[in-house]
Amino acid sequence: MTREKIINTALLLGLLAVPAWAWAVDEPFTITLATRVAILALAGVGLNIALGLGGLVSLGHAAFFGIGGYAMGILASHAQSYTPLMETPFLIEGTKSMPVIWLTALFAAALAALVIGALSLRTSGVYFIMITLAFGQMLYFFSISWPAYGGEDGLSIYVRNGFPGLNTLDPIQFFAICFALLAGALWFNARLARAPFGLALNAARQSPARVETIGLSPFRLRLAAFVISGAITGLAGALFADLNRFVSPTMFSWQMSGEIMVFIILGGVGRLYGPVAGAALFITLEHLLGGLSEFWLIWLGLLLLLVVLFARGGVIGLLAGRQVAHD
Amino acid sequence: MTDPVLATHGLTKSFGAVRASEDVSLDLRPGEIHAVIGPNGAGKSTLIAQICGGLTPDAGRIEFLGRDVTAQPTRARARMGLARTFQISALAMEDTVLQNATLGALGARGGALGLLRPALSQRDLHDTAMTALERVGLADHAATITAELSHGQRRQLEVAVALTLRPRAFVMDEPMAGMGTEGSRRMTGFLDGLRDEAPILLVEHDMDAVFALADRLSVLVYGRIIATGTVEEIRANRDVRTAYLGDEA
């Protein structure tokens with residue numbers, strides 16, 4: 001086992017142990033914090049596929065996070081008001097079923113990523129950052145000005161959506177769901193990175209000319225990565241909305257995009273467990289420092305600066321040393 | 001005479017007032033090594049970029065395997081079997097040598113890229129990649145990170161990646177650059193045998209290698225081909241001597 005694997009395992013076990021302890025001593029708030037970490041880490045895993053593997057610095061991933069959130073909000077709000085989503089040409093009703101909501105969120109976010117990616121990936125560098133940011137902001141202002149689903153005030157969902165066989169209102173059970181999805185996404189990400197697709201995508205980041213001369217299209221590789229990436233972040237958005245039982249335009253805001261990127265930079269760009277380490281650190285700091293001062297983000301900024309200057313591989317890089325190539 | 005594998009007809013390319021290629025016509029026949037030589041700035045790299053697809057010529061056309069590929073993108077030409085090695089190595093530097101070679105095998109296999117099965121544990125990819133590495137003498141370095149290779153070894157890897165494509169023609173941009181005498185000699189020996197698999201369009205500065213390998217030579221000066229012929233013909237050509245070979249010849 002490499003050092004990085006040991007650290008990864010420890011991270012995952014830690015993320016399990018903290019809520020387990022909190023459950024034993026009856027501290028539901030700590031369980032909720034851990035659930036937040038799992039969900040935000042999942043959003044980060046999504047972005048990390050585009051950013052770490054594909055080298056695509058997207059500052060618009062809040063778009064997918066928000067789409068996932070609104071997929072949940074819209075479906076659940078119709079279900080709780082017993083009004084169908086639409087009646088013509090065919091009837092679509094709202095739902096309170098998590099699996100259905102997840103699939104909707106995945107699909108809607110993937111579709112949005114396909115459109116946004118197809119346009120944005122024609123640019124690169126700073127232009128790519130700006131155009132993804134612009135798409136995110138477009139959706140943000142759209143959600144603000146769409147009164148049917150709460151506009152600026154957002155949508156409240158009174159009861160958390162259901163999962164067959166589980167009581168999702170029990171914090172530890174909802175945590176288990178989020179943790180399982182995070183673990184699944186991490187497994188998928190690990191496989192993807194080693195698969196032919198990951199190999200080619202990774203090469204397209206380092207040397208697009210090479211990928212082209214072996215007969216593959218860097219554009220298509222990146223677009224596929226962007227779609228997968230957006231879909232996973234969309235799923236995280238649906239879970240995040242379910243955690244808060246509330247969805248609002250802030251999920252679409254550029255600050256959200258930045259936050260997801262901060263998790264990755266803190267944890268380690270391109271490191272499989274970077275988003276987990278980053279999200280855990282972020283939430284811990286928010287909890288500890290946020291209690292001391294409203295201006296805790298200053299300290300986060302300072303930390304981010306130190307990581308970027310002195311620890312390019314993030315927390316994982318600092319602990320595990322330089323990246324070891326896949327076998 | 002057999003049909004050429006690769007041919008250019010009247011290629012012309014300008015950058016502003018600079019004519020980088022002017023009416024360049026040359027062909028690559030089965031089983032031969034055709035070397036393109038010329039002083040720095042003669043337009044060799046521009047010519048290669050047009051042949052392989054990075055640059056679109058202003059005029060003229062390129063035929064590969066009897067098809068007009070002038071409008072085809074790089075990757076379509078690669079899929080048809082045109083393998084290129086780069087002057088400045090274009091390898092995935094953070095990846096291992098084996099991963100780079102596997103990437104070539106992946107391109108050659110075609111079809112959809114898998115999402116879940118690890119590439120390096122797929123027998124066909126692994127075997128193609130290892131065979132190519134063995135042939136260029138890099139098998140011992142399979143697990144080395146590419147950035148840690150010497151310049152000469154990177155050249156060898158460039159050639160190995162080209163081999164994994166099982167190409168119909170090679171276009172090699174200075175495959176000996178950065179190699180020591182010994183490495184250069186070994187590469188010369190290797191390319192000598194390679195011409196029977198697929199013909200090679202060779203751009204090279206190492207004149208010993210060029211004269212040892214080339215069946216035919218084309219001399220490019222200021223974007224124009226001033227002479228094409230066998231090594232003896234070129235050596236005897238007065239224009240070439242004044243324009244390029246100078247005192248050397």
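Trainee: What makes strand 1 (residues 6–15) of chain B and strand 4 (residues 59–64) of chain B a pair?

Mentor: Strands are DSSP runs of E with at least two residues, and helices are DSSP runs of H or I with at least four, each numbered from the N terminus. Two strands pair if DSSP finds at least two bridges between them; strand 1 and strand 4 of chain B are joined by five bridges in the antiparallel sense, so they qualify as a pair. Among the facing residues, B:Ala7 stands opposite B:Glu63, and B:Leu6 stands opposite B:Phe64. This is a predicted model, in which local features need pLDDT of at least 70 and side-chain atom pairs count only at pLDDT 80 or more, whereas totals for chains, interfaces and linings use all residues. Residues are numbered from 1 along each chain as its sequence is written, while chains are lettered from A and ligands numbered from 1 in the order in which they are written.

Trainee: Why are strand 2 (18–28) and strand 5 of chain B called edge strands?

Mentor: The open sheet of chain B has four strands in the order 2-1-4-5, with antiparallel pairing. Strand 2 and strand 5 of chain B each pair on one side only, and this makes them the edges. Strand 2 of chain B is joined to strand 1 of chain B by seven bridges, including the one in which B:Phe15 has B:Val18 as its partner. The hairpin of strand 1 and strand 2 of chain B has two residues between the strands, and there B:Gly16 takes a positive phi near 60°.

Trainee: What makes helix 1 of chain B mostly covered?

Mentor: A residue is buried if 20 or more other C-beta atoms, placed from the backbone, lie within 10 Å of its own, exposed if 12 or fewer do, and partly exposed in between. Eight of the nine residues of helix 1 of chain B are buried, among them B:Lys44, B:Leu47 and B:Gln50. Helix 1 (residues 44–52) of chain B lies across strand 1, strand 2 and strand 4 of chain B, at about 60° to strand 2 of chain B; such angles run from 0 to 180 degrees between N-to-C directions, with axes fitted to C-alpha atoms, for helices over the stretch in contact. Just after the helix, B:Gly53 takes a positive phi of about 115°.

Trainee: Why is A:Arg220 called partly exposed?

Mentor: A:Arg220 has 14 other C-beta atoms within 10 Å, a count between the limits of 12 and 20, and therefore A:Arg220 is classed as partly exposed. The residue is in helix 9 (residues 218–244) of chain A.

Trainee: What makes the 179 residues a nonpolar core?

Mentor: A nonpolar core is a set of buried Ala, Val, Leu, Ile, Met, Phe, Trp, Tyr and Cys residues joined through C-beta atoms within 7 Å. The largest such set has 179 residues, and A:Ala38, A:Leu42 and A:Ala200 touch the most other members. Helix 2 (residues 28–53) of chain A gives the most to this core, 16 residues, and at least three residues come from each of domain 1 (6–81 + 167–248) and domain 2 (90–150) of chain B, whose bounds come from an automatic or database domain assignment. Leaving aside residues up to four places away in sequence, A:Ala200 touches residues including A:Val211, B:Leu103 and B:Leu106.

Trainee: How many residues does each chain bring to the contact of chain A with chain B?

Mentor: Two residues are in contact if their C-beta atoms, placed from the backbone, lie within 7 Å, and the contact takes 29 residues from chain B and 22 residues from chain A. On the side of chain B, helix 2 (74–80) and helix 3 (97–109) are the elements that give two or more residues, with the largest share, six residues, coming from helix 3 of chain B. That side has 16 nonpolar, seven polar and six charged residues, where Ala, Val, Leu, Ile, Met, Phe, Trp, Tyr, Cys and Pro count as nonpolar, Asp, Glu, Lys and Arg as charged, and the others, Gly among them, as polar.
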